[in-house]
Amino acid sequence: MPTLSGSNDATCTCPPTTRQTDDVVETVSSSVVITRALKTLSPETVERLTQTAELGPEFANATPEDRASALRRFVARNLEVSNSGRSYVIKVQFTSTDPALAAEVANAVANAYLHYRTQLKQGVYAEMLGDLEAELSSLKSELQSADRTAQAMREQARLVARRFETLTGRPQE
């Protein structure tokens, strides 16, 4: 039976350096991303993947963790993630005898990576927002304190001007 591949090209917005694209390729093919991808697959797709993996009858009695681990290893062995080095495009390819399954797994991995990257960025942005809100609160407190000090100084200047006028009989210049 011929082996067909499903693929999904995901555009990366990182600068086109070899190190960075290698990091993206490594992250896409990581167990974290593969685990997330497997969780997004429908039960029917997981069943087809299990049958394709030919894990044997002992797999039926395995714990859910062992099944997930076996499927993760199977996907990792049949997953190819690459970058030509000439562009921002990351190629995600899963090899299977079932072309629809290959496409579903490749798409699930690419989407899991994009979702994972988005969550990481949102976490960083949420932390930055928290820091900025704390700084804003501190600056507001400082501004209120400075306003109170300025108001007190204006009052003091008015009192000095009144005293000067009272003592000299003419307004202070």
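Some ground rules. Residues are numbered from 1 along each chain as its sequence is written, and side-chain values use heavy atoms, without hydrogens or water. Because the model is predicted, local features need pLDDT of at least 70 and side-chain atom pairs count only at pLDDT 80 or more, while totals for chains, interfaces and linings use all residues.

Helices and strands here are DSSP runs, numbered from the N terminus: H or I of at least four residues for helices, E of at least two for strands. Two packed helices are described by the angle between their axes and the distance between the axes. Axes are lines fitted to C-alpha atoms, for helices over the stretch in contact, and angles between N-to-C directions run from 0 to 180 degrees.

First pair: helix 2, residues 31–40, packs on helix 4, residues 64–78, at about 115 degrees, and their axes are 10 Å apart. That makes helix 2 roughly perpendicular to helix 4 (65 to 115 degrees; under 35 is roughly parallel, over 145 roughly antiparallel, the rest oblique). The crossing is right-handed, meaning that the near helix is turned clockwise from the far one by less than a right angle. From helix 2, S31, I34, T35 and L38 meet A68, L71, R72, V75 and A76 of helix 4, where contact means heavy atoms within 4.5 Å. These residues divide into 6 nonpolar, 2 polar and 1 charged. Ala, Val, Leu, Ile, Met, Phe, Trp, Tyr, Cys and Pro count as nonpolar, Asp, Glu, Lys and Arg as charged, and the others, Gly among them, as polar.

V24, T27 and V28 of helix 1 contact V109, Y113 and Y116 of helix 5. By class, that gives 5 nonpolar, 1 polar and no charged residues.

Now the single residues. T45 sits in helix 3, residues 43–53. Is T45 buried or exposed? Buried, at 3% relative accessible area; the cut-offs are under 20% for buried, over 50% for exposed and partly exposed in between, with a 1.4 Å probe and protein chains only. Beyond neighbours within four places in sequence, T45 is in contact with L101 and E104.

S96 belongs to strand 3, residues 89–96. S96 is also buried, at 4% relative accessibility. Its side chain reaches the backbone nitrogen of D98 at 3.1 Å.

Notes. A polar contact is a pair of N or O atoms within 3.5 Å; within protein, one must be able to donate a hydrogen and the other to accept it, and residues adjacent in sequence count only if both atoms are side-chain atoms.
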